[in-house]
Amino acid sequence: METENPKIPTFPLRPAVTPFHAPQSTPPFLSSGPVVGPEASPFRPAPHASSQFPSAPFSSAPLVGSVAPPFRPRPPGGSNEPVRPYVPPSAGFQHFQNPTFSSAGQVGSVPAGPPPTRPNFQPPPPQMGPSYATARGTFEPAFPGYANGQSNSAAQGGYGPTPFLAQQRGYAPGPPITTPSSLYSGSSMQHHGIAPPTANSQGLAEDFSSLSLGSAPGSFDAGLDAAILPRPLDGDAEPKSFPEMYTMNCSSRFLRLTTNGIPNSQSLSSRWHLPLGAVVCPLAESPAEEKVPIVNFSTTGIVRCKKCRTYVNPFVTFTDNGRNWRCNMCSLLNDVPGEYFAPVDASGRRVDLDQRPELLKGNIEFIAPAEYMVRPPMPPLYFFLIDVSICAVKSGMLEVMAQTIKSCLDSLPGSTRTQIGFITYDSTIHFYNMKSSLMQPQMMVVSDLDDVFVPLPDDLLVNLSESRNVVEAFLDSLPSMFQDNMNVESAFGPALKAAFTVMSPLGGKLLVFQNTLPSFGVGRLRLRGDDTRVYGTDKEHTLRVPEDPFYKQMAADLTKNQIAVNIYAFSDKYTDIASLGTLAKYTGGQVYYYPSFQSSIHGDKLRHELTRDLTRETAWESVLRIRCSKGVRFTSYHGNFMLRSTDLLALPALDCDKACAAQFCLDETLLTTQIVYFQVALLYTSSCGERRIRVHTAAAPVVADLGEMYRLADNGAIVSLLSRLAIERSLSYKLEDARNAVQLMIIKALREYRNLYTVQHRLTGRMVYPESLKFLPLYGLAICKSMPLRGGYGDALLDERCAAGCTMMALPVKKMLKLLYPDLVRVDESLIKISPQTDESDKKRIPLTAESLDTRGLYIFDDGFRLVLWFGGSISPDIGRNLLGEDFTSDYSKVSLSLRDNEMSRKLMKILNKFRERDSSYFQLCHLVRQGEQPRESFLLLTNLVDDKNSGANSYADWILQLHRQVQQNA
């Protein structure tokens, strides 16, 4: 999402202050020793036979954790000294042995005795306030070696030599504690077999995890061992319940619900608090063995419900010996067409079921007959609108772009049907006649920008196969044609209108290459991103929305004529992506942002991403609709598209890298059905000229218990939808308001969940959360620290913030989660090994905190959009010389990584390529960073370490404490 930009301002460091810091004279939690509270009962009755879902297996692990290792400051001798196991003192605080809990098949006893002891302390009412500082976001690192207010455990020396210091210390297990004076469990988050009673039985049908928050022994501040907080180090874990409940459901790569348990009433839905919706990626790439089947009904016509227009799917039922079929959405009984008839056996199963993929699979694609067309299928059409001002020429953009387009001509979809055209512009507009009978293209210049005249409109858009020689001649001569151009102006608005005039009869994809702020003619824009007085006021959001209504009106006209716009922005100065990005937002396009573009540095990234854009399979002139069962209704949609009616999404061009989200609600007070069905239908034109309908169908059970909704929650879908809602909110409110909305939603959800347990299981001092959403607090913090929402004026350039927001609105779930919590992997150890077999791209990730970084190590940071190679300050010189040669001691901002003739360099390049091959939708440009090299290190890596305190935002540990205190209020 971010590329290196040396123009980002830097600010002096300041001490970090946690919102939970309390004066030492009045510690918020007693630190004289552990206060023992009541033990939670291990008893868990077996679920009733009528329970809708089998309960999760019991856990034999104790409900409560042991006391975390006591505080031990690092010796001041330096960062490279190995950490020795801690030997607990013989006196100072008492240790207890963990009680032995009964196993899953046994019933444990509940201890009797006096009421639990609690500290005589009333915590001050926490304030909902912003999790960010209200001032401009100065960078506040939370890593050793830099001035801050971090705990003493990491205050001396450089970066910690190991990722998990706490796990190397020896300690004795502590007592079971439920009061706020205990710590996390010494092991990772345990899954405990306890849950609230379901509506259908007296049993417990859900597992939850809990943890104690309190002060560390020997410390005066409320604290916890941050090393064992739950982190998604294994990536996105898709919920297994979705395909297991109904084997005929579509794949979760196409459709994911925020919870796979649909509430049975509006009152239950109101207690959910998290977004209730779905994330849809209709054209997601599938493995070769899972390709979507294509069905052609030919003369029969596509079988659909006469009432609700649902497409026939695996969940319909056949009656009257196969003469009728009942719609699973609205329950209407439909006649089976004669050509589609087949008898059914005694179980109601069609005898030809094995030959009917549309009745077996939740993913299907139909060939659409003529009645699904309002005009003949359009050909694939690519039109290029190119800024040729001095900035485009000097940066090398023009040359890289021309070479890339030429190299892709053989790979453009559509074969002999593909159409292509070009317009260039600076302060004038240049049209190109590419008629096949010409040897060279003819350039025609129009300088009247008030009423643009389009010369020879029939010859500006040509068939690629017929005019191939002319197109290649144009691309070869384009860089030299403008090499002496000194024009700094940009007539982007008039050029856009001219391109619209040429493309409107057919539609297609318009690729815009913009280098400067539009300054001539209609759509001219002004500098407005440097007004610091606007930040923090009610007018702050106006900087993130288009200033001129021209762009939104043009987007509406483009969508109406089936034209999608992709923006490639390259300027090192303000370009107003908020306005330009509107064209992509409402036409189903996307924004590619290359600040301070230089072909020698960013050329590979532009080549790869432009190639991907031109050659990936595209759905042209498409519309999308999501249907659902009676009693459920979709209310809002979030992504890059134009909403043509209340539920019809217009997407002039759609591909496998784009997703959208939608929220639904219950129309009826009480649902009477046991299952709710969802069907996504995408009507589009393929590049080969066929009109097709891709259909994804899924079923989800209706539940009567909030605990079931949480158990069946999909963390990835919730985070993806929550991110979109937060970004949209930032377009109408302050950034602080958008971040607070995310925090408040998580607090309400955890508080509601907590209320299911605290009374029954006496967990008053614990933070209780559903196992399915154990990563939600961390992802919520990551959303608040993401580029569109982080900090204030000084934390991100306005263009970069807007470009990131537009990109995130269209990201699929897995890509979104990786961007929010990137990979951090150590690689120096494997480079030294003799064996070349180790695949470091699959190595376990480590937490995103500076304490994970060893000064002797080499680390790769990967967020899916860029790679950062971090060299520790004490790394072996042999590693540096093998990888960088004599540039090892140079300024890394001027050093590029290249393959060298040694085994270590070949291993590293292979590892980097493995990272890039995981997801080819974007090219991860590799940036080199040396420890202590500021501001480069801060911008590229340290501000993106989600677990640390930075950009005026809380660390992960402080965030958990803040959430816990808010959850305890009125719980």
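This is a friendly chat about a predicted model of one protein chain.

Me: Hi! What is the secondary structure of the chain, in numbers?
Reply: Hi! The chain comes to 21 helices and 31 strands. Keep in mind that this is a predicted model.

Me: How much of the chain is buried?
Reply: Of the 971 residues in the chain, 61% are buried.

Me: And what about the accessible surface, how much belongs to carbon and sulfur atoms?
Reply: The accessible surface of the chain is about 37,200 Å², and 52% of that belongs to carbon and sulfur atoms.

Me: Among contacts between residues at least 6 apart in sequence, what share joins residues at least 24 apart?
Reply: That share is 78%.

Me: Let's zoom in on a helix. How many residues does H19 have, and how far does it reach?
Reply: H19 covers residues 903-917, so it has 15 residues by its definition as a run. From its first C-alpha to its last, H19 reaches 21 Å, close to the 21 Å expected at 1.5 Å a residue.

Me: Which residues of H19 are buried?
Reply: Met-904, Ser-905, Lys-907, Leu-908, Met-909, Ile-911, Leu-912, Phe-915 and Arg-916 are buried.

Me: Why would residues three or four places apart point the same way in an α-helix?
Reply: An α-helix has 3.6 residues a turn, so residues with that spacing end up pointing the same way. In H19, you can look for that spacing among buried residues such as Leu-908, Ile-911 and Leu-912.

Me: What covers the buried residues of H19?
Reply: The cover includes strands E28 (823-826), E29 (858-862), E30 (866-871) and E31 (925-930). It also includes helices H17 (828-832) and H18 (877-884).

Me: What happens at the start of H19?
Reply: There, a side-chain oxygen of Asn-902 reaches to within 3.2 Å of the backbone nitrogen of Met-904.

Me: I clicked on Asp-862. Where is it found?
Reply: Asp-862 is found in strand E29.

Me: Is Asp-862 buried or exposed?
Reply: Asp-862 is buried, because its relative accessible area is 0% and buried means under 20%.

Me: What is Asp-862 in contact with?
Reply: Leaving aside its neighbours within four places in sequence, Asp-862 is in contact with Lys-818, Pro-822, Asp-823, Leu-867, Phe-915, Arg-918 and Gln-924. Phe-915 is one of the buried residues of H19. With Gln-924, the side chain of Asp-862 makes a polar contact of 3.5 Å.

Me: Switching topic: how many salt bridges does the structure hold?
Reply: It holds 49. In general, side chains of opposite charge can pair when their charged atoms come close.

Me: Which parts does the salt bridge of Asp-236 and Lys-814 tie together?
Reply: The two side chains meet at 3.3 Å, N to O. Asp-236 lies in the loop between strand E3 (222-223) and helix H1 (241-245), and Lys-814 lies in helix H16 (residues 813-820), so the pair ties together parts that are 578 residues apart in sequence. Lys-814 counts as partly exposed, at 45% relative accessibility.

Me: Where do Arg-694 and Glu-365 lie?
Reply: Their side chains meet in a salt bridge of 2.7 Å, N to O. Arg-694 lies in strand E26 (residues 691-703) and Glu-365 in strand E11 (residues 363-367), so this pair ties together parts 329 residues apart in sequence.

Me: Are those two buried or exposed?
Reply: Arg-694 counts as buried at 12% relative accessibility, and Glu-365 counts as buried at 2%.

Me: Which residues are linked in a network of salt bridges?
Reply: Glu-285, Lys-509, Arg-612, Asp-613, Arg-616, Asp-655, Asp-657 and Lys-658 are linked that way.

Me: Now the surface. Which residues form a nonpolar patch?
Reply: Met-443, Val-445 and Met-481 form one, with about 250 Å² of accessible area together. Met-443 is found in strand E15 (residues 442-446), and it is partly exposed, with a relative accessible area of 42%.

Me: Last one: what is Glu-728 in contact with?
Reply: Glu-728 is found in helix H11 (residues 715-730). Leaving aside its neighbours within four places in sequence, Glu-728 is in contact with Tyr-637, His-638, Gly-639 and Met-809. The C-alpha atoms of Glu-728 and Gly-639 are separated by 9.4 Å, although the two residues are 89 apart along the chain.

Methods
Residues numbered from 1 in each chain as written. Predicted model: local features only at pLDDT ≥ 70, side-chain atom pairs only at ≥ 80, totals over all residues. Heavy atoms only, no water. Patch = residues over 30% accessible without salt bridge, like charges linked within 9 Å, V, L, I, M, F, W, Y side chains within 5 Å. Areas by Shrake-Rupley, 256 points an atom, 1.4 Å probe, with all protein chains shown as cover. Salt bridge = Lys/Arg side-chain N within 4 Å of Asp/Glu carboxyl O. Helix = DSSP H or I, 4+ residues; strand = E, 2+ residues; numbered from the N terminus. Buried < 20%, exposed > 50% of the residue type's maximum accessible area, 1.4 Å probe, protein only. Expected span 1.5 Å × (residues − 1). Contact = heavy atoms within 4.5 Å. Polar contact = N/O pair within 3.5 Å; in protein donor to acceptor, adjacent residues only side chain to side chain.
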